Amino acid sequence: MRLLLVEDDEHVAGALVAVLGRHGFDVVRARGGEEAVGLLRDGTFGVVLLDLGLPDVDGFEVCGRIRRLSSVPVIMVTARADVRSRIHGLNLGADDYVVKPYDTGELLARIHAVSRRTGPEAAPPAGETEDRPGVLVIGPVTVELATRQVVVDGRPVALTRKEFDLLALLAQRPGVVFRREQIISDVWRTSWEGTGRTLEVHVASLRAKLRRPELVETVRGVGYRLSLPAA
């Protein structure tokens, strides 16, 4: 996912860019509100992380300008913890509001949550074709979401419900790293604690059934992704 980080503090921005990069985000940084609005006019982003304490334009004003320009999800990140500020930000069109100091895991979960809520309207899954909506084709893999059928190299593959849900999640954004916590939340509808071994077992079983173990790639310390076919 391409993410716009609007943050003037060098230390905070550097730490966020490093963390987000390790979790598969392509981060573009703006140091002020005017630069952020300009970047949004010229490019497409999946989420905007907007600090309210900017040097040139008030963050609330930037949020309003972003919302008039685009429907991109906006998460306000600020030290202002009062309820009035949160209500004002949400009324301006922000999708979420995170108060500093925050836990990095929570911030990542909020980013994925707002992208799930708004992503399908913003863009179809990366592997979906116009003539076959609901069908994801990534190299040798075809995933039919409606019928829950999977074909690999022309061969039908029988998967359990959770194996299919896991593959379908990865196939909707091939090449993008999904964190273990996010997979557990989306597929098992529970928290990560105590469920890690279950995920590993399902990944191993999925690889064996696909007979193409390289398709489901482990990203050490982060999670898994569906490998893009070689050009």
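Q: Let's start at strand 1: is it mostly covered or open?
A: Strand 1 is mostly covered, with four of its five residues buried. Buried means under 20% relative accessible area, exposed means over 50%, and partly exposed is in between (1.4 Å probe, protein chains only). Helices (H or I, at least four residues) and strands (E, at least two) are DSSP runs, numbered from the N terminus.

Q: Before we go on, what kind of model is this?
A: This is a predicted model, where local features need pLDDT of at least 70, side-chain atom pairs count only at pLDDT 80 or more, and totals for chains, interfaces and linings use all residues. Residues are numbered from 1 along each chain as its sequence is written, and side-chain values use heavy atoms, leaving out hydrogens and water.

Q: Ok, back to strand 1. How many bridges join it to strand 2?
A: Five bridges join strand 1 to strand 2, and the two run parallel. Two strands pair if DSSP finds at least two bridges between them. Val6 stands opposite Ala30 in strand 2.

Q: Which residues of helix 2 are buried?
A: In helix 2 (residues 33-42), they are Gly33, Ala36, Val37 and Leu40. They cover an arc of only 95 degrees around the axis, so they sit on the same side of helix 2. That arc is the one made by the directions from the helix axis to the C-beta atoms.

Q: And what's on the face turned away from that buried side?
A: The exposed residues Arg41 and Asp42 are there.

Q: What do the buried residues of helix 2 pack against?
A: They pack against strand 1 (2-6), strand 2 (26-30), strand 3 (47-51) and helix 3 (59-69). Contact means heavy atoms within 4.5 Å.

Q: New topic: which residues touch the most other members in the largest nonpolar core?
A: Of its 27 residues, those are Val143, Ile183, Leu199, Leu210, Val216 and Leu226. A nonpolar core is a set of buried Ala, Val, Leu, Ile, Met, Phe, Trp, Tyr and Cys residues joined through side-chain atoms within 4.5 Å.

Q: Where does the largest share of this core come from?
A: Helix 6 gives the largest share, seven residues.

Q: What does Leu210 touch?
A: Not counting residues up to four places away in sequence, Leu210 touches Val150, Val152, Arg155, Val157, Leu167, Leu215 and Val216. Apart from this core lies another, of 22 residues, among them Val28, Phe45, Leu50 and Leu54.

Q: What's the strand order in the open sheet?
A: Three strands form it in the order 11-13-12, with antiparallel pairing. Strand 11 (178-179) and strand 12 (216-219) are at the edges with a single partner strand each, so one side of each has no neighbour in the sheet. Two bridges join strand 11 to strand 13 (residues 223-226), and Arg179 stands opposite Gly223 in strand 13.

Q: Which helix packs on that sheet?
A: Helix 6 (residues 161-171) does, touching strand 11, strand 12 and strand 13, and its direction makes about 70 degrees with that of strand 13. Axes are lines fitted to C-alpha atoms, for helices over the stretch in contact, and angles run from 0 to 180 degrees between N-to-C directions.

Q: Last one: where is Arg173?
A: Arg173 is in the loop between helix 6 and strand 11. Arg173 counts as partly exposed because its relative accessibility is 30%. Its C-alpha atom is separated by 7.8 Å from that of Leu226, 53 residues apart along the chain.
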